[in-house]
Amino acid sequence: MTTQAKPEGATASGGSSSFLSVRDLSVRFSTEDGVVRAVDNLSFELEAGTTLGIVGESGSGKSVTNLAILGLHNPVNTEITGSIKLQGQELVGATNRELEKLRGHTMSMIFQDPLTALSPFHTIGKQIGETFQKHTGASKSEARDRAIEMLTKVGIPQPKTRVDNYPHQFSGGMRQRAMIAMSLVCNPALVIADEPTTALDVTVQAQILDLLKDLQQEMGTAIILITHDLGVVARTAQNVMVMYAGRAVERGTVREVLKKPQHPYTWGLLSSMPSLSGPVDVPLTPVRGTPPSLINLPTGCPFNPRCDHMEQVVGGKCTSERPPLSPQGGHATACHLSSGQKQDIFIDQIQPRLG
Ligand code: ADP
Ligand code: MG
């Protein structure tokens, strides 16, 4: 008999070893009101050079997940368990020094509001150049050249002049481009973009997303794109994970999840967004109710207070048993409905609404 050892970081589905592997990640905050379970037993993989979209309503744990990857949580009231492996390196429990070395260099972040990330007191060029200098030991003039090169890459006009501007001299869209230039200056393997276009108007939004995609192709960056907008996911990502109350409720390729969604929450999200291609006069139906308290989660499926399909599940399982995300690989959902039931409901009730 031969037993073959799985290579380090092998995916649950038996695929090749993955670039980023998150396993059973939980993030809990101690607060005066109790313990907030912001992320609960979350697992996912990201392949090098690809984009994973993470979607979910506000408060579903998207930012907390990604701040855990970047090692940016305050250790005083935060408990993080599970494993986050980036290129084989374990990040849970890594020292501040190790994480400092990785941030900006191997992994970096694009924030929703560049004004919180950019200092108003220093020129754009200085801020981009400093990140480069810190990680590469380049000289001041090399860093300035690199800043100009990056501003050119992200489509800032007259980069040689603009490099000496302050953030307030840039428009919102240009600031976001500068932010992207700063996060990519060391050619990181992983970029986490947290709602990068939410603050921008629709036309600029599309330009920024296209820019990110182009740069990804050119530089081979893997991207985690956090958004509450499934349209953004459709435009940018290959894979998508839908989060609800700190857990993944559906996961798969963008094609599978957006064309044949299987979780009642994803149905709600899709029904609540204006159709990308379908009729425009169909009324929007937002997911009824509100997200649960993360201190006192409902027993069973955390989505049960908002679900329209519980009566079809026998034995009251929805209020007593937590549905696991299954299968392990491929298109997966965490719901007690059978695959046949999900398919019937989707075809009869959901698809006609989506157009
Ligand atoms: P989103 O999906 O909108 O990005 P977050 O990941 O920011 O949501 O937040 C998930 C939950 O964790 C929210 O209920 C939020 O209030 C809570 N939370 C985030 N950070 C903290 C913290 N430092 N202390 C306590 N609760 C927090
Ligand atoms: Mg957030």
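Modeller: A residue is near a molecule if one of its heavy atoms lies within 4 Å of it. This is a predicted model, in which local features need pLDDT of at least 70 and side-chain atom pairs count only at pLDDT 80 or more, while totals for chains, interfaces and linings use all residues. Residues are numbered from 1 along each chain as its sequence is written, ligands are numbered from 1 in the order in which they are written, and side-chain values use heavy atoms, without hydrogens and water.

Colleague: Which element gives the most to the shell around ligand 1?

Modeller: The residues around ligand 1 include F29, T31, K62, S63 and V64. Helices (H or I, at least four residues) and strands (E, at least two) are DSSP runs, numbered from the N terminus. With three residues, the largest contribution to this shell comes from α1.

Colleague: Which residue has a polar side-chain atom 2.9 Å from an oxygen atom of ligand 1?

Modeller: A polar contact is a pair of N or O atoms within 3.5 Å. S60 places a backbone N or O atom 3.1 Å from a ligand 1 oxygen. The polar side-chain atom at 2.9 Å from an oxygen atom of ligand 1 belongs to K62.

Terms used: A polar contact is a pair of N or O atoms within 3.5 Å; within protein, one must be able to donate a hydrogen and the other to accept it, and residues adjacent in sequence count only if both atoms are side-chain atoms.
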